[in-house]
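Student: Please take one part of this model and go through its packing closely, stating each cut-off as you use it.

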Amino acid sequence: MATCPPYPTPVHRHTHWWQRPWVRYAALITLLALSGLVILALVREQTGTQGFLVGLGLAVLPVPLLIAAFRWLDRVDPGPWRNLLFCFAWGACAAALIAIVANSFATRWIATATADPTSADTWGATVIAPVVEESAKAAAVLLVFLFRRRDFTGLVDGVVVAGVTATGFAFTENILYLGTAFGTDQLTGDSGIASVTAATFFVRVVMSPFAHPLFTVLTGIGFGIAALSAGRHRLRRSLLPLGGLLLAMGMHALWNGSAAFGDYGFFAVYAAFMVPSFGLLTWLVIWTRQRELGTVRAELPAYVAAGWLTPAEPYALGSMRARRVARQYARRHAGKEGARAVARYEACATSVAFLRQRGRRGRAGADFAVRERELLDALWHLRGVARPALEYAARATAPPAPRPVPPWVYGYRAPGPYGPAPAPAPYGPYGAYGPPSPHSPYAQPTPQAPYAPHYPPPRPYGP
């Protein structure tokens, strides 16, 4: 049963100036801005102005699609946009700068030590680059995990944070590779499909735009499972992210080293390893998203019993289709502000459900009661716009009433003008073909769904 504890008495503590939030935000923004300026200068130096512009125009093409895909995965309990902006900026600026500087230094050192530049390039691509790049990208996931713990609650959050970070990193790397390829074409005079730029674009943007996100998502899964682990399992919470990072490095090394497997090594690794891995991880994330919707439907009825929610809301909030219908209804009747209010209501209700689940499993923090009351108060203030929209969505998306059962299903003819019904067939009341399949449209009617076609009479609600 949901409770409504009183607000705790605030404790005022003296904080130093470097502990204030605006100081941290300013330092972080300054760091990312300086990293962006430095990486911009380095990439432009290597590609030239014209190559940089061509690379920028081609590299930006897959970015909106990847961001939209990760945002779609996060629709059940969407995280704040500021986290995604930070992750993309970190991947595109800070992580890319670390990778360029560290990879160049390590490759030059290996070439000097071994006096074999070709071997140094191979070692740099297959050993140094995976370790440096995945560690740099994992730093963003770690920062969100530590300092935005309230927004990092499970596997999907880890996937989204890691995927957006890797998308930013791939964006900068694609600018460098495509700009360099364009410069090569300028020197050789190649153009069209036979150019190096076209080949690079096909491999990096068309065939494998998901490569870097796929690697780093393994790290995000490790952090996501750690977020789901109970607080007493400290060793497991430390080893899971490390294990995910090692898997990401291994997959990255295999991908970079595919060119050493012969003329068709790249295509073999792509078809036999990358595509199946991508499909498996996609299935895992979508399955986890469906489980999150199931958690919403399972946990919110407790708040219905306490009077915070209406009986129709757990069903509507546990269906992505019903949520979309509710926002559309609110937009038609209350404008954009109404649609935004319904979206905030859905987000708060989902957070309440996840918070209650963590509390039942012993993983809630010390601020469980305060956080629950904050979310419930937010729901209460938004109920005027959200409840009618969600109730309409529940009615609109509820399963239809069962169809009437024709009499011939039971193996006899109903009485009519041609005389009484004959005796049942010797095979039993269902005739020679056995009982009807439960999946048949003429099967026995199932119990009426609780939200269709009518709702129970209204009841008073209150905190």
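Tutor: An axis here is a line fitted to C-alpha atoms, for helices over the stretch in contact, and angles run from 0 to 180 degrees between N-to-C directions. The model is predicted, so local features need pLDDT of at least 70 and side-chain atom pairs pLDDT 80 or more, while totals for chains, interfaces and linings use all residues. Residues are numbered from 1 along each chain as its sequence is written, and side-chain values use heavy atoms, without hydrogens or water.

The chain holds 13 helices and zero strands, as DSSP runs (H or I, at least four residues, for helices; E, at least two, for strands) numbered from the N terminus. Helix H5 (residues 155-188) and H7 have axes that come within 7 Å and cross at roughly 155 degrees; the two are therefore roughly antiparallel, the word for angles over 145 degrees. The crossing is right-handed, in that the near helix is turned clockwise from the far one by less than a right angle. In contact terms (heavy atoms within 4.5 Å), H5 contributes residues including Gly158, Ala162, Gly163, Ala166 and Phe169, which face a set in H7 that includes Pro213, Val217, Gly220, Ile221 and Gly224.

Notes: Parallel < 35°, antiparallel > 145°, perpendicular 65-115°, else oblique.
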